[in-house]
Amino acid sequence: MTATATGEIHYDPYDVDLNTDPFPMFRRLREEMPLYYNAEHDFYALSRLDDVRTILMDQETFISGRGAILEIIKADMPIPSGILVFEDPPIHDIHRKLLARMFTPQRIRALEPQVRAECVRILDDVQQRGDFDFVADLGLLLPMRVVGRLIGIPEGEQSEMFENGLDLLHSEPGQPLAGVSSGEAFSDFVDWRAEHPSDDLVTELRTVEFEDEHGTVRQLTREELLLYLTVVATAGADTTTRLIGAMGKLLAEHPDQRRQLADDRSLLGNAIEEIVRYEPPATHLARYVTRDASFNGQTVPAGSVVLALLAAANRDEAHFPNGDTFDVHRKVRAHLSFGNGTHYCLGNALARLEGRIALDEVLTRWPDWEIDMTRARYVTTSLARGWASLPMVI
Ligand code: HEM
């Protein structure tokens with residue numbers, strides 16, 4: 001059931017209609033029920049920015065090791081080693097450090113010419129065709145090419161591998177998650193790369209040695225490696241696709257701001273920040289509660305599941321005045337779209353880079369645009385919300 005502005009307060013992450021525009025409900029949660037309990041799915045939810053940040057920062061009380069997704073925690077399924085987003089310190093920190101070598105600021109900065117070249121190539125093709133879908137043409141393709149290149153997948157095989165379900169998680173609109181991937185889709189590719197080493201993530205991760213949580217110096221197992229790659233492919237592609245979709249829609253709706261961006265490209269970085277704050281690709285994160293915790297004088301008991309509503313926190317008026325207003329000039333202070341604390345998004349600089357370049361190159365070709373809403377398609381799942389198709393009227 002979907003609540004209205006005055007009806008019952010009810011937040012259901014599986015409600016497709018509600019998730020199409022959850023923001024009125026998020027406002028009511030923040031104002032009227034900052035600690036919310038959903039009896040049907042048995043979870044607590046926090047919506048104020050300070051509370052959400054507390055959840056993400058206190059990794060002893062709110063752990064990821066049982067999964068950072070409601071269904072996974074509820075299913076109490078075993079989490080294989082290597083899915084760092086579902087791990088806790090100390091093993092999380094060991095696994096993260098290995099991957100972090102590929103995401104240093106220097107390495108990401110060095111990717112800029114490649115990201116721009118990919119973007120130009122995609123948009124030049126589109127321009128010749130005379131038809132442009134923000135998501136199908138750019139939002140899907142750019143992150144796939146960038147992440148594919150980072151991992152080391154040859155370009156000719158990227159689409160097939162991504163289409164064949166490299167996703168770590170499979171979810172359908174209105175349905176709980178179907179399962180967690182084993183990373184097998186990468187198997188042949190990892191074998192091929194062993195014969196053809198290159199300057200990429202898989203080559204580096206195949207050979208690197210590290211001290212594990214038992215003090216043993218070793219290399220990653222094959223299973224761990226496959227899962228690492230799946231985490232990067234999943235985390236890096238889908239989220240950025242949604243960022244590019246939100247960009248197309250928001251700037252179509254705000255032509256004055258779009259013109260200012262077209263005239264002054266120094267605003268692009270801040271504009272991306274505001275787009276990510278306003279329409280976070282991941283609506284919420286889940287945590288398992290290891291000991292009683294208190295919020296606003298009420299207790300969240302040990303053994304429960306809590307949702308950190310990133311999308312609600314990002315519009316908390318206490319931190320973002322007129323939070324429901326989109327404003328590319330806003331001084332965007334610490335939004336939570338990339339998380340916070342030990343799991344803070346490792347790919348945040350890459351996502352910001354892709355977003356900025358995509359917007360720059362689109363504005364150069366089309367300083368003005370409208371969306372053909374008769375053909376646009378929106379999808380919400382239990383994990384995320386965003387545009388699946390967003391054709392520009394050219
Ligand atoms: C707009 C785009 C993106 C958004 C909104 C986003 C969001 C997030 C969030 C919220 C988390 C924290 C999860 C948690 O605390 O449970 C996270 C973690 C992560 N992200 Fe991103 N992400 C984006 C793009 C990327 C890209 C491009 C990559 C890499 C190519 C990436 C790689 C990762 C990885 C590896 C983690 C796990 C970090 C850890 O557990 O220590 N992300 N991301």
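The model is predicted, so local features need pLDDT of at least 70 and side-chain atom pairs count only at pLDDT 80 or more, while totals for chains, interfaces and linings use all residues. Residues are numbered from 1 along each chain as its sequence is written, and side-chain values use heavy atoms, with hydrogens and water left out.

**Overall build**

Let us start with the chain as a whole. The protein chain holds 17 helices and 16 strands; these are DSSP runs numbered from the N terminus, with helices being H or I of at least four residues and strands being E of at least two. Its C-alpha atoms fill a box of roughly 60 × 55 × 35 Å along the principal axes. For 394 residues, a compact globule would have a radius of gyration near 21 Å, and the 21 Å of the protein chain agrees with that. That radius is taken over C-alpha atoms, and the globule rule is 2.2 Å times the number of residues to the power 0.38.

Of the 394 residues, 56% are buried, a word that stands for under 20% relative accessible area (1.4 Å probe, protein chains only). Among contacts (heavy atoms within 4.5 Å) with a separation of 6 or more, 68% join residues 24 or more positions apart.

**Nonpolar cores**

A nonpolar core is a set of buried Ala, Val, Leu, Ile, Met, Phe, Trp, Tyr and Cys residues joined through side-chain atoms within 4.5 Å. The largest has 83 residues, and Phe-134, Leu-138, Ile-151, Phe-186, Leu-229, Leu-359 and Trp-369 touch the most other members. Helix H13 (residues 222–253) gives this core its largest share, 15 residues. Apart from it lies another core of 21 residues, including Leu-18, Phe-43, Leu-70 and Ala-286.

Leaving aside neighbours within four places in sequence, Leu-229 is in contact with Ile-151, Phe-186, Phe-189, Val-190, Leu-201, Val-202 and Leu-205.

Note on methods: Buried means under 20% relative accessible area, exposed over 50%, partly exposed in between (1.4 Å probe, protein chains only).
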